Amino acid sequence: MRVFWLQRLTCCGNTHSFLNYESLHILSKRLEFLYHPSLSLKAQEEAVEELIKSGEGIDILIVEGAVRTDEVETRELCKIAKYVIAVGNCAVYGNIPALADETVCGLSYRFKERKGLLDEGFKSRSGMPVINLSGCPAHPEWIVGTMLMLAEGIKPELDQWGRPKEFYSSLTHWGCTRNEYFEWKVEAEELGSKRGCLFYHFGCRGPLSYSSCNTILWNGVSSKTRAGTPCFGCTEYDFPRLGLWETKQYAGIPAELPIGVSKRGYIMLSGIAKMFAPERLKGEG
Amino acid sequence: MKVENLELPRVEGEARLELFWKDGIIEDAKVCIASVRGIERVLVGRHYMDALVITPRVCGICGHAHLIASVKAIEDALGIKPTEKARLVRNITQSLEVLQNHVKWFYLFMMPDFILLEERLRGLYEPFKGERWHSAIRIASRITMGIALFSGQWPHSSYAIPGGITSEPSVKELTSLRQILLELKHFFLSYVVGMEEAEFVKCLKEGSWRKLNGDAGLFLELCHREGLLTLGSSYNRLISGGGLYAPCGYFMKKVVHGRLKVDQIEELNAPSYSGAKPVRYRGMPFETGPLARQLMSGNLMVKSMHREFRDSFAVRVLARVLEVWSIAEAIELWIERLKEVLHEKSTSLGRFPSKATGIGYGIVEAARGTLIHRISVRNGNIQDYAIITPSQWNLGPRCENFLGVAEKAMVGLKSKLHAQMVLRSFDLCSVCTTH
């Protein structure tokens with residue numbers, strides 16, 4: 001598989017996330033990295049020219065960073081690729097660079113609208129739409145995992161945002177070490193502690209975001225919520241929302257409830273859960 | 001005069017270099033950085049806590065430095081002090097970020113250039129193939145694991161908050177970190193300098209840089225052959241905001257220790273060819289980064305090399321390589337102290353005030369040098385946010401009186417490749433520069 005990595009408006013965070021992948025030396029024996037702007041010997045213009053001259057095409061085109069709505073070259077490269085992967089929230093939704101500039105977007109989306117660089121019906125040479133790996137940054141296992149599936153001849157099943165279900169079908173909440181606190185509605189009153197759930201006061205988006213951050217750990221060892229930081233929902237189109245560290249509440253009830261939970265059910269259950277919460281979960285312990 | 005417009009590979013983000021040739025000599029050089037992402041604008045009107053999530057996204061390679069600068073600016077504005085435990089942990093994670101950056105920069109960004117001069121080096125440093133290229137990535141990813149032990153993830157964690165940190169590390173994290181540090185030291189001694197620890201420490205004390213083996217030794221040998229020991233010198237004025245292991249101060253003919261005066265730092269308007277604004281201290285351009293820090297902290301090897309070759313390409317690079325050791329040693333001391341205060345609370349302020357007013361500065365040392373954040377908050381909301389990055393010091397454009405630091409360093413060179421190498425020795429980060 002010939003891999004061509006392109007960077008547009010980016011902080012290079014996805015590149016450095018990718019470099020965290022543990023066995024890159026074995027990976028580069030399985031995949032041929034034709035070009036990467038931060039790593040290769042040649043410059044991008046030269047690499048693109050060579051690629052087009054060779055007529056061999058690309059198996060996997062990776063786009064990192066947000067794009068501008070009028071980028072001809074990126075669009076052309078997407079057409080000659082067998083598979084196109086948008087890596088990171090900028091390439092998927094436009095993200096931070098798109099907040100202050102209307103001409104900036106992702107490959108398929110501009111936030112939640114289908115107003116990206118590529119037409120709605122875009123299919124790469126394999127017949128697949130853009131494979132979106134959202135996240136700020138995307139996890140190395142999601143990036144490499146997707147490339148490896150393609151290398152094995154497996155076309156990943158995608159969700160409504162074009163993301164591989166393998167990595168984005170569960171909530172960030174799954175595997176969170178604070179789940180028991182969540183279940184019994186034991187709230188973290190302060191930051192800086194292993195105890196308490198961060199959903200009620202500190203804006204945690206774990207129950208509202210799709211990612212595998214707590215099941216495929218970061219750098220092999222941890223995650224935001226494990227380090228006491230709320231999930232900011234960086235795999236979703238609305239990242240970064242306003243007021244990232246606070247939970248908006250109406251009459252003591254979170255303005256947004258965990259995905260799939262009704263308001264009535266939430267009120268009933270949380271009242272009971274709070275009342276019967278085990279003593280061991282309360283206080284400093 | 002011949003004008004040459006080059007696109008630069010192996011930099012962070014996009015950048016172009018314009019070279020003006022006369023009789024085979026570079027007479028002028030312009031570093032052109034386009035595409036501003038507008039992060040400062042995105043922050044205005046948001047709650048100040050949002051800055052802790054958004055400013056790390058300025059840069060995927062030194063995002064942690066932005067996080068710490070941000071939290072310090074907020075603490076300064078709100079009049080809050082972090083607990084000692086938090087201060088130590090932040091020092092450690094911030095330093096680890098610098099370390100992974102140094103390793104990547106030397107092996108992934110600098111050394112591959114030498115392949116173009118000596119084909120035999122391919123086996124070692126060729127991207128995606130070279131043996132050392134892969135060992136460097138492997139150790140860098142171990143170091144980032146060390147950051148994640150405390151911060152949850154790297155890149156882009158937001159675990160520093162006003163008054164402290166969100167995590168509650170235990171001895172388990174400390175022992176894992178110690179293991180990673182030992183691996184790094186092993187990597188440094190066996191590959192980077194090619195010496196036993198005792199021998200290296202002896203050389204360090206004597207300032208005998210000529211005895212270095214390993215990749216650093218090979219680098220010096222190549223520089224000697226290419227004439228790079230003396231090339232690529234700029235104004236020979238260096239500045240460090242202090243923090244991590246080195247004191248603050250500046251070098252101008254001699255080392256002057258002491259706090260930087262914020263009111264003497266000036267950001268000028270960008271000329272038409274660059275998206276970056278020039279920065280001046282007391283009206284003059286200064287170079288920032290590892291060479292400045294190593295001079296401030298009095299590393300004898302760097303001092304003796306600097307005495308001989310000033311702020312040349314080779315001195316700049318070697319200072320950065322040797323800083324790996326200085327930082328690893330500093331982290332060991334912080335671990336020892338951290339053991340004593342591990343029982344402390346992680347934050348002096350568990351709940352941040354939703355409304356607050358004030359103006360504050362956060363000055364930190366990122367891998368590439370002094371990074372400054374300035375925040376102005378009213379009723380909890382950001383009125384104004386300004387960032388001065390290390391790349392602005394080093395790679396920022398010219399002003400009426402002076403060429404930019406890197407621009408000056410390229411004047412007089414006779415080879416295109418040398419110009420690119422000199423530019424890369426400042427570690428060009430256009431993503432930071434065009435926040």
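Visitor: What should I know before I start?
Guide: This is a predicted model, where local features need pLDDT of at least 70, side-chain atom pairs count only at pLDDT 80 or more, and totals for chains, interfaces and linings use all residues. Residues are numbered from 1 along each chain as its sequence is written, chains are lettered from A and ligands numbered from 1 in the order in which they are written, and side-chain values use heavy atoms, with hydrogens and water left out.

Visitor: Okay. How many residues of chain A are in contact with chain B?
Guide: 58 residues of chain A are in contact with 66 residues of chain B. Contact means heavy atoms within 4.5 Å.

Visitor: And how much area do the two chains bury?
Guide: About 5400 Å² between them, with 60% of it on carbon and sulfur atoms. Buried area is the accessible area (1.4 Å probe) that two parts lose on being put together, summed over both.

Visitor: Which residues of chain A lose the most area to chain B?
Guide: His16(A), Leu41(A) and Trp245(A). Together they make up 14% of what that side buries.

Visitor: How many salt bridges are there between the chains?
Guide: The count is 4. A salt bridge is a side-chain nitrogen of Lys or Arg within 4 Å of a carboxyl oxygen of Asp or Glu. Arg16(B) and Glu45(A) form a salt bridge through their side chains, at 2.9 Å from N to O.

Visitor: How many residue pairs are in polar contact across the interface?
Guide: The rule finds 30, with both residues at pLDDT 80 or more. A polar contact is a pair of N or O atoms within 3.5 Å; within protein, one must be able to donate a hydrogen and the other to accept it, and residues adjacent in sequence count only if both atoms are side-chain atoms.

Visitor: Which helices of chain A supply residues to that side?
Guide: Helices H1 (13–19), H2 (24–30), H3 (44–54) and H6 (95–99) of chain A each supply at least two residues of the side that touches chain B. The largest share, 4 residues, comes from H1(A). Helices (H or I, at least four residues) and strands (E, at least two) are DSSP runs, numbered from the N terminus.

Visitor: Switching to sheets. What is the strand order in the 3-strand sheet of chain B?
Guide: The order is S1-S2-S3 in an open sheet with antiparallel pairing. Strands S1 (2–7) and S3 (25–32) of chain B stand at the edges, each with a single partner strand, so one side of each is left without a neighbour in the sheet. The twist averages 20° from one strand to the next.

Visitor: How many bridges join S1(B) and S2(B)?
Guide: S1(B) and S2(B) (residues 16–22) pair over 6 bridges, in the antiparallel sense. Two strands pair if DSSP finds at least two bridges between them. In S2(B), Glu18(B) is the bridge partner of Asn5(B).

Visitor: Which helix lies across S1, S2 and S3 of chain B?
Guide: Helix H16 (residues 416–425) of chain B, running at about 135° to S2(B). Axes are lines fitted to C-alpha atoms, for helices over the stretch in contact, and angles run from 0 to 180 degrees between N-to-C directions.

Visitor: What about the 4-strand sheet?
Guide: That open sheet of chain B has the order S8-S7-S6-S11, with mixed pairing. S8 and S11 (287–288) of chain B stand at the edges, each with a single partner strand, so one side of each is left without a neighbour in the sheet. Helix H11 (residues 290–297) of chain B lies across S6, S7, S8 and S11 of chain B, at about 80° to S6(B).

Visitor: How do S6(B) and S7(B) pair?
Guide: S6(B) (residues 237–240) and S7(B) (residues 249–252) are antiparallel, over 4 bridges. Leu238(B) stands opposite Phe251(B).

Visitor: And what sits in the turn between S7(B) and S8(B)?
Guide: The hairpin has 1 residue between its strands, and Lys253(B) in the turn has a positive phi of about 70°.
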